[in-house]
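Trainee: I would like to go through this structure one question at a time. Please end each reply on the value or name I ask for.

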Amino acid sequence: MVGLITMEDLSNEDVIEVLDAAERLLPVARGESYLPLLQGRILGNLFFEPSTRTRMSFETAMKRLGGDVVNLGDVSTSSVVKGETLFDTVQMVDGYTDIIALRHPRQGAARYAQDAARVPVLNGGDGAGHHPTQTMLDLFTIRQAHGRLEGLDVVLAGDLRYGRTVHSLSHALVRFGCRVVLASPELLRMPSEIVEDLRASGGDVTETTDLHASLATADVVYMTRIQKERFADEDEYTKVAGAYKLHARDLADVRSDMIVMHPLPRVDEIHPSVDSTRHAKYFEQAFNGVVTRMALLCRLLGVDVPGGEA
Ligand code: NCD
């Protein structure tokens with residue numbers, strides 16, 4: 001079974017189809033109508049790392065569509081503490097469920113899990129690797145604000161080294177012909193193999209340490225948290241902690257339709273003064289996780305979302 005492990009699993013056409021289906025599901029996500037498309041189906045939520053939005057929005061998505069969810073729950077109360085391997089856990093949960101959402105601290109864990117499962121696996125974040133379902137909701141949010149994905153100027157800022165959201169998102173943006181500015185402290189630059197890949201596929205990609213100089217021409221500014229948990233050395237973290245902070249006063253000269261995004265949780269990258277500006281989109285972005293995950297669950301379970309072209 002084919003799941004969603006990286007953005008390479010979806011063509012641009014697939015991406016647009018999922019975003020269109022997600023749009024049709026907005027009233028269902030808001031609870032204005034009930035559409036039990038996934039009645040009788042069970043999602044297995046296997047989260048081996050902390051999660052609020054990804055886990056809860058998967059669960060909400062499933063339940064709003066009439067489906068059910070089983071959770072691994074707290075890893076410390078599962079058989080993982082007895083030494084069960086990921087491969088065995090997944091092989092077994094495969095028999096309990098119709099689809100699996102996995103988050104794991106190890107890069108590559110989702111692909112490994114897919115090898116153990118017959119049901120589709122959705123990668124909900126594998127270490128510093130990928131986070132494709134987040135990318136889908138990010139693209140949904142960008143398209144909702146700008147009416148298109150093509151040809152936008154997007155600044156990705158913060159921890160580009162360990163941030164899996166920006167690894168997946170940069171790949172998708174380049175495929176849709178966006179110009180991408182990678183703004184990070186030297187220590188947290190996007191891994192060179194990713195930058196090379198983006199450029200090899202024709203991406204217009206610039207690297208800078210100066211976030212503020214990139215704001216004026218941006219259509220999207222995507223802030224990220226410094227991934228403290230991925231640093232081997234606490235001192236290294238201390239050197240870059242608080243490196244980029246966006247305050248409402250920094251937005252005086254930006255484009256009127258520029259949007260500020262963040263996968264959340266934020267630490268101190270976006271000052272609360274930004275929240276009340278027209279540019280803040282991060283809470284809507286988090287809501288969009290429900291519709292896009294609904295559309296992805298339907299697609300991978302082979303269920304059509306009504307209202308599309310036949
Ligand atoms: C992100 C993640 O887990 O990679 N969170 C999320 O899924 N919204 C970002 C982060 O933790 O910084």
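Trainee: Which side chain meets Arg255 in a salt bridge?

Mentor: This is a predicted model, so the distances are computed from predicted positions. Side chains of opposite charge can pair when their charged atoms come close. The N to O distance here is 2.8 Å, and a salt bridge needs a nitrogen within 4 Å of a carboxyl oxygen. The partner of Arg255 is Asp219.

Trainee: How many residues apart are Arg255 and Asp219?

Mentor: Arg255 sits in the loop between α9 (234–240) and β9. Asp219 sits in the loop between β7 (204–208) and β8 (220–223). The pair therefore links distant parts of the chain, and the separation is 36 residues.

Trainee: How many salt bridges are there between domain 1 and domain 2?

Mentor: The domain assignment gives domain 1 as 7–131 + 287–300 and domain 2 as 132–285. For the protein, the salt bridge count comes to 16. Between domain 1 and domain 2 the count is four.

Trainee: What is the area buried between domain 1 and domain 2?

Mentor: The size of an interface is often given as the accessible area lost when the parts come together. In this model, 35 residues of domain 1 are in contact with 28 residues of domain 2. Carbon and sulfur atoms give 56% of the buried area, and that area is about 2700 Å².

Trainee: Which residues of domain 1 lose the most area to domain 2?

Mentor: Three residues together account for 28% of what the domain 1 side buries. They are Met7, His131 and Asn288.

Trainee: Are α1 and α6 roughly parallel or roughly perpendicular?

Mentor: The axes of α1 (residues 12–24) and α6 (residues 132–146) come within 10 Å and cross at roughly 70°. Angles of 65 to 115 degrees count as roughly perpendicular. So α1 relative to α6 is roughly perpendicular.

Trainee: How many nonpolar residues does the contact of α1 with α6 have?

Mentor: On the α1 side the contact is made by Val15, Ile16, Val18, Leu19, Asp20, Ala22 and Glu23. On the α6 side it is made by Met136, Leu139, Phe140 and Arg143. By class there are no polar and three charged residues, and the nonpolar count is eight.

Trainee: Which residue does a cis peptide bond join to Leu264?

Mentor: Most residues other than glycine have a negative phi, and most peptide bonds are trans. Leu264, in the loop between β9 and α10, has a positive phi near 65°. The cis bond has an omega of about 5°, and the residue it joins to Leu264 is Pro265.

How values were computed. Residues numbered from 1 in each chain as written. Predicted model: local features only at pLDDT ≥ 70, side-chain atom pairs only at ≥ 80, totals over all residues. Heavy atoms only, no water. Axes fitted to C-alpha atoms, helices over the stretch in contact; angles between N-to-C directions. Helix = DSSP H or I, 4+ residues; strand = E, 2+ residues; numbered from the N terminus. Parallel < 35°, antiparallel > 145°, perpendicular 65-115°, else oblique. Contact = heavy atoms within 4.5 Å. Nonpolar A, V, L, I, M, F, W, Y, C, P; charged D, E, K, R; others polar. Domains from an automatic or database assignment. Buried area = accessible area lost by both parts, 1.4 Å probe.
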